[in-house]
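Me: I would like to learn how to read helix packing in a model like this one. Could we take it one feature at a time?

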Amino acid sequence: MDWLHEIFKRSPEIALFLSLALGYLVGKIQFGKFQLGGVAGSLLVAVLVSQFGVEIDSGVKSVLFALFIFAVGFESGPQFFSSLGKQSVKEIILAVVLAVTGLATVVIMAKLFNLDKGLAAGVAAGGLTQSAIIGTAGDAIAKLGLAADETKRLQANVAIGYAVTYIFGSFGAIIVCVNILERFMRRTIRDDAMQAEAAQQAGVKVLAPGQSIAAPDLVGRIFQIGAGNGKTVAQIEDVDPNTNITVERVKRGGQLLEVTPDLVLQTDDVVLLVGRRVPVVNRAPMLGKEVYGIDGMDLTMQRRDIVLTNKDFANKTVGEVRDATMGGVRHGVFVVQISRMGKVLPMVPETQLLAGDTVSMYGAETDLRRVAGVIGEVIVPSTKTDFVYLGAGLAVGLLVGLLSVKIGAIPLTLGSGGGALLSGLVFGWYRAKRQTFGAIPPGAVQILKDLGLAGFVAVVGLQSGLQAVETVREHGLTLFGIGVVVTLVPLLITMVFGRYVLRYDNAAVFAGALSGTRSANPAFGEVLDKAGNSIPTVPFAITYALANVFLTLLGPLVVAFT
């Protein structure tokens, strides 16, 4: 297989994309009800490909991971900041439980199998997939006052333990957080994610791409005037002002007339009535018979999102705004949804509007432009990414990740991942408040997440796979088996604790929180893929941030207790 080695040497990117392609293919294979998924599949294939000798720059891994974690934060920023508070206590406790059980498991396994301090710390770093432990444990070993050769040996053993256990550390977290958790809770991540999203959207039905309601709320119907003879347009529209039914077109004798409030309708006139289904149907008896296929009565309607910026309407209720825009301003325009930071608000008169709220309106283009000029700014749909905003967000996040704070002699830092996540959350939140710039379309966010995570995992496999296999051959399977225990036991204990003590009852939310307690990005990627929406992201972001601190502290603790 020297020819493969030569190909990968000349073009290591081939190894990366081959791992992705074959990994996602393997990930689709069903083993009963079990399925690896694309991320775990990419990791396994990358480990196999690495055996042919692949050298790939670590910078590729850093870039891909930064793209993934920033996109995750950007998508969930609005919901994240609104969820902080007392409701976050469960996530804090969950992260503490994982860290404590992780430390206890490492110490017990080290005592049982007579692991030295270096191997024990390496197993903790790899089995819990927290690379920062390598640094903090190495510093702690250096301060033990041992002979230089012994210090060097123990520090080398940290790397050995890490290399042997890291691959399963990633893979095992996927198995627990995605497959075992669903069976344990007897609920699917997908179903619970959809249920949580529906509750979050105030009961509004969430439609998937390509879906539509068979009987839409807003309709256009064409009537031939009979009973409505002699009535003006204003009389037809103003029977009940709250229904906001409008006469959009009138045709008489083959000619379209200008529609004005005082236009008197005559027998056999053809009118296009637009409004909500029930009032339009109820209005039929006072008009005449319904007709179809009348030339010239077609009218293109649009839905547009408008950001509320007019200070005259901010801090007023829906009822007050409705009264203030009666008549000419709101004529022909229908409010179909009001949302704030991605969350749908109830359209009742008592709901208070704030500057930055998004008002979704339906109507003809000219009518929408008129209303937008009064209320605020139209959000122009676009498939283009604002790379100024994206690039600035990533740069800020990576800079934040460079910051370090010392607790005693232990340096704590968010790292590039934590910094990019925090930046993504802030930039996503700000974008939700100021939606006229900083667009990153959902499709772009999705490709950043998918390619970023799968590519990151594949690079890990390509870089570590050969060394891990060689280390297992050299040191036997015992160290690998210890790593399996360190990976699985803390996660399983934390899962049981979260279910029965903290009372997590939503599988999607729980899976996000559980993967975050281990800062298990591959597992979280599979959870997101299963969920099909961003519901797991908020609990993940909270526990992930805490795990970066708690698990980093395990380095010197493992050295002290073993």
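Reply: This is a predicted model. Two packed helices are described by the angle between their axes and the distance between the axes. Here the axes of helix 5 and helix 21 (residues 554-561) cross at roughly 35° and come within 10 Å. The crossing of helix 5 past helix 21 is right-handed.

Me: Which residues in helix 5 and helix 21 meet?

Reply: An α-helix has 3.6 residues a turn, so residues three or four places apart point the same way. From helix 5 come A99, L103, V106, V107 and K111, and they meet L554, L557, V558 and F561 of helix 21. By class, that contact holds eight nonpolar residues, no polar ones and one charged.

Me: How many residues does helix 5 have, and how far does helix 5 reach from its first C-alpha to its last?

Reply: Helix 5 has 24 residues and reaches 35 Å between those two atoms, close to the 34 Å expected at 1.5 Å a residue. Just after helix 5, N114 has a positive phi of about 55°.

Me: What does the span of helix 17 show at 1.5 Å a residue?

Reply: Helix 17 (residues 478-500) has 23 residues and should therefore span 33 Å; its end C-alpha atoms lie 33 Å apart, which agrees.

Me: Which residues of helix 17 are buried, and what covers them?

Reply: The buried residues in helix 17 are L479, I482, G483, V484, V486, T487, P490, L491, T494, M495 and G498. Their cover includes helix 5 (89-112), helix 6 (117-127), helix 8 and helix 18 (507-517).

Me: At what angle do helix 3 and helix 8 pack, and how far apart are their axes?

Reply: Helix 3 (residues 38-50) packs on helix 8 (residues 148-185) at about 155°, with the axes 10 Å apart. An angle over 145 degrees counts as roughly antiparallel, so helix 3 and helix 8 are roughly antiparallel to each other. Their crossing is left-handed. In helix 3, V39, A40, L43, L44 and V47 meet I167, S170, F171 and I174 of helix 8. This contact has eight nonpolar residues, one polar and no charged.

Me: What of the protein as a whole: how many helices and strands does it have, and what share of its residues is buried?

Reply: The protein has 21 helices and 14 strands. Of its 562 residues, 50% are buried. Taken along the principal axes, its C-alpha atoms fill a box of roughly 105 × 50 × 45 Å. Among contacts between residues at least 6 apart in sequence, 81% join residues at least 24 apart.

Methods
Residues numbered from 1 in each chain as written. Predicted model: local features only at pLDDT ≥ 70, side-chain atom pairs only at ≥ 80, totals over all residues. Heavy atoms only, no water. Axes fitted to C-alpha atoms, helices over the stretch in contact; angles between N-to-C directions. Helix = DSSP H or I, 4+ residues; strand = E, 2+ residues; numbered from the N terminus. Parallel < 35°, antiparallel > 145°, perpendicular 65-115°, else oblique. Left-handed = near helix turned anticlockwise from the far one by under 90°. Contact = heavy atoms within 4.5 Å. Nonpolar A, V, L, I, M, F, W, Y, C, P; charged D, E, K, R; others polar. Expected span 1.5 Å × (residues − 1). Buried < 20%, exposed > 50% of the residue type's maximum accessible area, 1.4 Å probe, protein only.
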